[in-house]
Amino acid sequence: MGWKRRTELLECGMPNSAPHTSMDQQTLLEYRAILENASVGILFTRDRKVLHCNPKFNEIFGYDDGELIDQPGRVFYLSDEDYSKMGQVAGPHLSLGKPVTMEFTMRRKSGEPIECQMRIKPVNPKNSAEGTIWIFEDVTDRKRAESALQELMQRQEAILENASVGIMFTRNGSIELANSRIEEILGWPHGKLLGQPTQVAFSTNQDYAAFGQMTGPRLTAGELMEVEWRLSRQDRTAVWCRLLAKPFSTSPDNKSTIWIVEDISDKKAAAQALLQAHQDLEQRVKERTHELQDAHQQLQVLIESSVQAICTQDLEGRILSWNPAAEKMFGLSKAEVLGRNPDVFLSDQGAREDDFLRRAMAGEKIVNVEVSRALRTGQLLELSLNIVPLYNESGAIYGVYTMASDISERKANARRMEFLAYHDALTGLPNRLLLEDRLKVAMAQADRSRDKLSLLFMDLDNFKRINDTLGHAMGDQLLQEVAKRLRECVRETDTVSRQGGDEFVVLLGSLKEADAALPAISKILHRLEEPFFAQGHELSTSGSFGVTIYPDDGRDFETLSKNADLAMYRAKEAGRNTYRFFDEAMNVEANDHLHLSNGLRRALERQEFVLHYQPQIDLITHQVVGAEALIRWNHPELGLVPPSRFIPVAEDSGLIVKIGEWVIAQACRQAMAWQHQGLPALLMAVNLSAVQFARGNLEETVSHALESSGLQAELLELELTESSLIHNVEHALAALRRLKAIGVHLSIDDFGTGYSSLSYLKRFDIDKLKIDQSFVRDLASDPDDAAIVNAIIQMAKNLGLRTVAEGVETSEMLQRLQNFGCDEAQGYFFARPMPADEFSAFVVQGGAARILEETQYSRAPAAGG
């Protein structure tokens, strides 16, 4: 039944008087189900009017069921210009029978715009007047998410480029990122710092080495480091800078550090000038009393213009002077503070400043001490203080002189960097570094108390689908909510950590036995099953857990985490939303997997692969008409390894692509070798892996194999599984069309065990169906299997496809298959897979016919005539 006919049946219903078959009804029901339950909007139009649309289309555009019938297509557009534009873009393609894919702003019934991605194609490519099918997907949310992400990236770039301090990232002594401010500080043209060695910021090699000796050990230890240093501009002039550095990575081959650089040349010069002036003043007071007034005036100018808060106090602590910078910093005027003790209006958070004052009044110089002061507004200031004694003419101390710098912002940045070094920025959870540290402490405590620990590795199920569908912003909200629920499910003494992506780790301590972790696991599983609500969406997810126990499954973080990861993947394989405890069998299996994977990488080079061939028998002529090429691995240590053991490993590692290329080429060469030996031209069937179909360049591989071997294209048959076809329908459809254009035959392997759908059988231009041996095995004894096999064969006949039955082992099976009208068969009844020379002898000696005669097999008429 053609696409046009199916479309008319879906639009108008099947007339009662029209003759039809059970096959028509079945196809109609299937297509109606597909239409009515599709997750995309589907619209049929003819003569620019609506013939039919599915419920999803009504939902997207806000119409009631049936309301759109006979409506003009103009109702879906915001303006006549848009309607005309659509016709100009799509019309030429549709008139030629070609499909059109595009994104366009459409109009809902309410008049509001909606962003749509659509695919348009004529019902009959040879006659566009018969109507058009439109497939719509609402991409409004995706567009908004993309816009929001772009805006966020622009903001982050703006923050970096407009920061008041220099910021750069270095890796292994080379500058990888530098903002405009650091280029300005060091006097480099825009972009020219990138890739430069960090040594360019130092005046000499000796200065660079001295800086490394002072800072290197602290950075290697992962510490936050702050230092003031005189750097060198590109023109070799000096610039004083305050450098704040924190390493990202300290491994020998990946030393990465972030540097925040502040130009303090002016502050340094002012502070140095101020200190020098003060020292000069003291000296001159001793030497020349008559110059005291002039020196005092100079000092006052410096104090009044200083960016640092400066005050003097007598021996009772009362304030004698208070400069403008102090007024600004503390929010108190000179009139409010003179003659009063600062404790009246400033709260000393550290209870240490009184001690500093007493020590200064005793003659000690207090340099660069840090204290916290709370203002009367409640604001907390973090200060760096220099406190020195004041001497009178006779050399007696009469008070103290204090200079204060507000370092609140610098300290906050340092604390933020310290937090980010040990925590996940998105969720605030401990990161891997902090988790490892806490695990070490917990293991020591467990050893002392003879308790156990449990490390739970969790991976969110279907997170990638949510993230890709709804956007990263929605994915981030989901991760934050998951982190919150995980914290709610464990004790305060336990640790919840995010390792990155959608992977979380939970550390449960003080367990008397391994099963003591189960209540927490059960609680987490139930909490994750509850729906998440974000931005009007109801999201559903779950978690798969791998569980390891200390000390049973390992005595260090690496071993415990590796084993928990193995157990987590077993939980995913078990259907997700569950947990699995690690056992040693998993480790053995993983090592076996690794051993096979390493061997596979050398197997092709060492020519360890061989092909065996199983004959395919025509059930009418009893002649061998084809061969299925089946790979075997002749392992130097393990012997002949069956494909069921090494093919999954090859698919996981991606080696299946190269192996598959070798199989196709070798099978084609062998088919031609048989022809040169005088055998009849036989159809060579080769299995294709789903990974090879998705990732390999099949057309090039097949063309090269046919050209180099000389085999006719029509004598090569490629067997594909159902899952490889429906995983990406459009990709599969395009690939199969290219293969058919070469001239090869296509068959579906193991038919009936996967997503058996009539719709793709028609679309994919398949030549043959291979009936899976799971149905053939009990054909003679199980009525259900017999019914399934018969149905497959009759359906294939109606669709013009040939059928071949796998796994035929008895004459009874063969008899039933011929009664059903099956075209071909293969299995142990005829022959096991065999080397090429044995296969050749089997054909020459008429092996299939001889076996049938020996078993007194008689041919029965096929069902239906």
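Is Glu67 buried, partly exposed or exposed, and what is its relative accessibility? At 30% relative accessibility, Glu67 counts as partly exposed, because that class lies between buried (under 20% relative accessible area) and exposed (over 50%), judged with a 1.4 Å probe and protein chains only.

This is a predicted model, in which local features need pLDDT of at least 70 and side-chain atom pairs count only at pLDDT 80 or more, while totals for chains, interfaces and linings use all residues. Residues are numbered from 1 along each chain as its sequence is written, and side-chain values use heavy atoms, with hydrogens and water left out.

**Salt bridges**

- A salt bridge is defined as a side-chain nitrogen of Lys or Arg within 4 Å of a carboxyl oxygen of Asp or Glu. By this rule, the structure has 48 salt bridges.
- Side chains of opposite charge can pair when their charged atoms come close.
- Glu67 is joined by a salt bridge to Lys109, with an N to O distance of 2.7 Å. This pair links distant parts of the chain, 42 residues apart: Lys109 is in the loop between strand 3 (100–107) and strand 4 (113–122), and Glu67 is in the loop between helix 3 (55–61) and helix 4 (80–95).
- Helices (H or I, at least four residues) and strands (E, at least two) are DSSP runs, numbered from the N terminus.
- Lys109 is partly exposed, at a relative accessible area of 38%.
- Arg108 counts as buried, at 18% relative accessibility. Arg108 forms a salt bridge with Glu112, where the closest N and O atoms are 3.6 Å apart; Glu112 is partly exposed, with a relative accessible area of 41%.
- Arg108 also forms a salt bridge with Asp138, where the closest N and O atoms are 3.5 Å apart. This pair, too, links distant parts of the chain: Arg108 is in the loop between strand 3 and strand 4, and Asp138 is in strand 5 (residues 132–138), 30 residues apart.
- Asp138 counts as partly exposed, at 34% relative accessibility.
- Salt bridges that share partners join Glu226, Glu228, Arg242, Glu262, Lys267, Lys268 and Arg410 into one network.

**Helix 28**

- Helix 28 (residues 783–798) has 16 residues and should span 22 Å at 1.5 Å a residue; its end C-alpha atoms are 22 Å apart, which agrees. The expected span is 1.5 Å times one less than the number of residues.
- The buried residues of helix 28 are Asp785, Ala786, Val789, Ile792, Ile793, Met795 and Ala796.
- An α-helix has 3.6 residues a turn, so residues three or four places apart point the same way.
- At the start of helix 28, a side-chain oxygen of Asp782 comes within 2.8 Å of the backbone nitrogen of Asp784.
- Just after helix 28, Gly800 has a positive phi of about 75 degrees.

**Thr541**

- Thr541 is in the loop between strand 21 (537–539) and strand 22 (542–550).
- Thr541 counts as buried, at 8% relative accessibility, and its side chain reaches the backbone oxygen of Asp461 at 2.8 Å.

**Cysteines**

- A search of the whole structure finds zero disulfides, a disulfide being a pair of cysteine sulfur atoms within 2.5 Å.
- Cys241 counts as buried at 0% relative accessibility, and Cys822 is buried with a relative accessible area of 4%.

Methods
Polar contact = N/O pair within 3.5 Å; in protein donor to acceptor, adjacent residues only side chain to side chain.
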